[in-house]
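The following note was prepared for a colleague who wishes to read this model at the level of individual elements and residues. Please keep the sequence and the coordinates at hand while reading.

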Amino acid sequence: MGPDMESMSEETPNRPGGAGDAGSVSEAKVLARPGDLLPVHLPVLPIANRPFFPGQLIPLLVERDPWQRTIETALESPSRAVGLVLIRGDDTTRAQADDYYSTGTACRVHKVEPIEDKLQVYVEGLERFAIESWVSRERPFVVRVRYFPEKSYSGVDELRPHTIAVINTIKELLPLNPLYGEELKYFLNRFGPDEPSRLADFAASLTSANKEELQAVLETVAIRERLEKVLLLLKKEVEVARAQMSIHKQVEASMGKRQREFLLREQMKVIQKELGLAKDDRTAEVERFRERIATLALPDEARRRIDEEMEKFSVLEVGSPEYAVTRNYLDWLTSLPWGKHSPDQLDLQRARAVLDEEHYGLADVKDRIIEFIAVGAMKGEVSGSILLLVGPPGVGKTSIGRSIAHALGRKFYRFSLGGMRDEAEIKGHRRTYIGAMPGKFVQAIKEVGVANPVIMLDEIDKIGASYQGDPASALLEVLDPEQNRDFLDHYLDVRFDLSKVLFVCTANQLDTIPAPLLDRMELIRLSGYLTAEKVAIAQQYLIPRQLERAGLKRGQLRMDKAAVREVIERYAREAGVRNLEKRLGTIARKVVVKILQGTKPPVHVGAKDLEAYLGKTDFRPEPPQRGVGVVTGLAWTPLGGATLDVEATRVHEAGRGFKLTGQLGAVMKESAEIAYSYAASHCDHYGAPREYFDKAFVHLHVPAGATPKDGPSAGVTMTSALLSLARGRRLPRPIAMTGEITLTGQVLAVGGIREKVIAARRAGIRELVLPEANRGDFDELPAYIRAGLKAHFARHYDDVAQVVFDKRTVKRGG
């Protein structure tokens, strides 16, 4: 609803007279011009930062769209009046009627200038007013007001002490800030010091008080009370200005002191140079290098090289390129820890405690590390060695390397070889190249500051090769205990002893590691974890770590053992625990969301709640298939062991044939051909019709078809599947097997026995058939892995047939 324009024509004179509040007040009767009359109904504009006082004259910047109509309404009035009222919020564009304070200032609009999407309005404050009612509660806002005309207080002696106090306080402000002087001159040009009301409003506008305090001054009509409030604000302003002035003087004094010190230093340099006492940059560098050398146990070769370079360095011009090259070279040579070794902590009990604290299980790996430390304790020192930790991702290879360093009390440095293609990363660049640097090993030695750290070479099986060289070949010198005592970096061009360094390498598989490099390393295998081990690891390590990362306290999330087991079986069945930790992290984050949305802790997560947190399961319980022509095999993958159901079926009897599917590699196809040939030539020996394969077209498939597979270890499994098909009988019980077969039926050894046995346990199979040549590998497995398993060992396929087929139908010695 718009304003009532007829009612806005009601105007009251803007006169200086009115009822007084202190002493006798003279009322002047003057004839008012039409433009001096202020309307009873007044359009209002909101202001957000501080109130506007009578007597002020400033440009006001307002948004064009919401307030143009309000300003036009004011300009249509003969008085060109508008009310400026403080609002309680900070956003004037969204101000509503309830946001306005009840007291404001009536102003005359002198000029309006458009500036892009804003209007600059020049206004002059005239009188206070109080809002009696709202004529329009929508833009343009219009209110019915009651004015408080200013009075003449000439001759009122009661106000004189307050007025003098305000003037004196303003005088105190003038030396502290020159801006106050400009404001005072402007005020005196328009008003006199004997006008206490104008003086009070002017003094309030000078201060930096908050808008609530200033609004309280505006709302105070009684002049004595207003002067008292203003005086209090002025006193505060004086204290603030004095504090600012003190800080400013301190800063200026500090800056002046620094400038003076700089000039004195420059003068001192000139005086010292004239007296021959000054040291230039080159001399200072030489002294620094000599101080370093004094603390090092340099070998003769390194000392001779450093002396030669120092002699050359002392005659080079500071601005020459050779100067910078020589300086960097000497910096590297003197920064290396020649002869500095950290003492080894060879306490076996402490080492065992560190390993047990930081890793669950892995007893065989820990025993090997303890043996290594024990040998060092017997000799009195741990000599350099090269360990290779091989296992699936997420089983803790990198963290074990860190624990070895912790157990020995040595410094630890790690870098990854994955994707490295430049041998200069290993042996450094020659100094003839711009930007040449030493290799990674010299950089590691410099960073740790000792010559016997533990250096971890991560992902050594993923090292590359290119036209820039073969990094794997460059590693041969580093990882050879007989050669690395005289390791020669191309940049240093001085031999450095790496024989005290303990190298720990990690890999997921051995196939891609060159044989000469593999021969130099001591192999330690880390296989996957069983479900029970994963449950213990999750409860002891992973869940507390994820709670900490999510900002949860231990009591805010409760997850029972059954839920953890379900996460492992249904969402994180891989050999390591990295994916398990991710899943637990997902649960922890969703619990945080629930708590922040109002759920009262502790939040219980049970097995039945997992789908709500983790979605549909990744692994469904699928027991090994059983049927005619279906046999479960065991396979090794870089991610750990796995079970494979090999399927064989007869397509038709129109003619002999053999078909293979399942994305098999070349080696696995050869194994399938050998298995088919052996089964076809010996089918009657194992209780199958002699002519079965002469007529049948057989299809052999290895699920899943999207996964590439290769390797010779499925020969025994494929032979069993083909003979089961020919006999027309399934295996009598769940049995898993692995082994390579020959055309004469010999069962050959295969690798990855530990991973395959763990995969069988994970699948719930308790009876295995393994090559006789792998009996030792099985016997070396920890007792908790072998517990509950029945293993059969086969030299010939006859031994396999005696287990998987009816013994009465199998001929011996065929």
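1. Basis of the note. This is a predicted model, in which local features need pLDDT of at least 70 and side-chain atom pairs count only at pLDDT 80 or more, whereas totals for chains, interfaces and linings use all residues. Residues are numbered from 1 along each chain as its sequence is written, and side-chain values use heavy atoms, with hydrogens and water left out.

2. Overall content. The protein has 28 helices and 26 strands; helices (H or I, at least four residues) and strands (E, at least two) are DSSP runs, numbered from the N terminus. Of its 814 residues, 47% count as buried. Buried means under 20% relative accessible area, exposed means over 50%, and partly exposed lies in between, with a 1.4 Å probe and protein chains only.

3. Surface and contacts. The accessible surface comes to about 40,200 Å², and carbon and sulfur atoms contribute 51% of it; the areas come from the Shrake-Rupley method with a 1.4 Å probe. Among contacts with a separation of 6 or more, 75% are between residues 24 or more positions apart. A contact means heavy atoms within 4.5 Å.

4. Helix H16. Why is helix H16 (residues 471-478) described as largely enclosed by the rest of the structure? The reason is that six of its eight residues are buried. These are Pro 471, Ala 472, Ala 474, Leu 475, Glu 477 and Val 478. The cover over the buried residues of H16 includes helices H14 (424-427), H15 (440-448) and H17 (515-519), together with strands E11 (454-458), E12 (487-488) and E14 (502-507).

5. Helix H28. Helix H28 (residues 797-804) is likewise largely enclosed by the rest of the structure, because seven of its eight residues are buried. The buried residues of H28 are Tyr 797, Asp 798, Val 800, Ala 801, Gln 802, Val 803 and Val 804.

6. Helices H9 and H10. The axes of H9 (residues 300-313) and H10 (residues 321-335) come within 10 Å and cross at roughly 150°. H9 is therefore roughly antiparallel to H10. Axes are lines fitted to C-alpha atoms, for helices over the stretch in contact, and angles run from 0 to 180 degrees between N-to-C directions. Angles under 35 degrees count as roughly parallel, over 145 as roughly antiparallel, 65 to 115 as roughly perpendicular and the rest as oblique. From H9, the contact involves Arg 305, Ile 306, Glu 309, Met 310, Lys 312 and Phe 313; from H10, it involves Glu 322, Tyr 323, Thr 326, Arg 327, Tyr 329, Leu 330, Leu 333 and Thr 334. By class, the residues of this contact are seven nonpolar, two polar and five charged. Here Ala, Val, Leu, Ile, Met, Phe, Trp, Tyr, Cys and Pro count as nonpolar, Asp, Glu, Lys and Arg as charged, and the others, Gly among them, as polar.

7. Helices H18 and H19. The axes of H18 (residues 531-550) and H19 (residues 561-571) come within 10 Å, with a crossing angle of roughly 115°. The two helices are therefore roughly perpendicular to each other. Thr 531, Lys 534, Val 535, Ala 538, Gln 539 and Ile 543 of H18 meet Lys 561, Val 564, Arg 565, Ile 568 and Glu 569 of H19. The residues of the contact between H18 and H19 comprise five nonpolar, two polar and four charged.

8. Cis peptide bonds. Most residues other than glycine have a negative phi, and most peptide bonds are trans. A cis peptide bond joins Arg 139 and Pro 140, with omega about -5°; Pro 140 lies in the loop between strands E7 (118-136) and E8 (142-148). A cis peptide bond also joins Pro 601 and Pro 602, with omega about 5°. Pro 602 belongs to the loop between helix H20 (578-596) and strand E17 (603-605), and counts as partly exposed at 30% relative accessibility. Leaving aside residues up to four places away in sequence, Pro 602 touches Gly 555, Gln 556 and Arg 558.

9. Positive phi values. Which phi does Arg 80 have, positive or negative? Arg 80 has a positive phi of about 50°, although it is not a glycine. Arg 80 sits in the loop between helix H2 (64-76) and strand E5 (81-86), and is partly exposed at 33% relative accessibility. Asp 493, also not a glycine, has a positive phi of about 55°. Asp 493 is in the loop between E12 and strand E13 (495-496), and its 35% relative accessibility makes it partly exposed.
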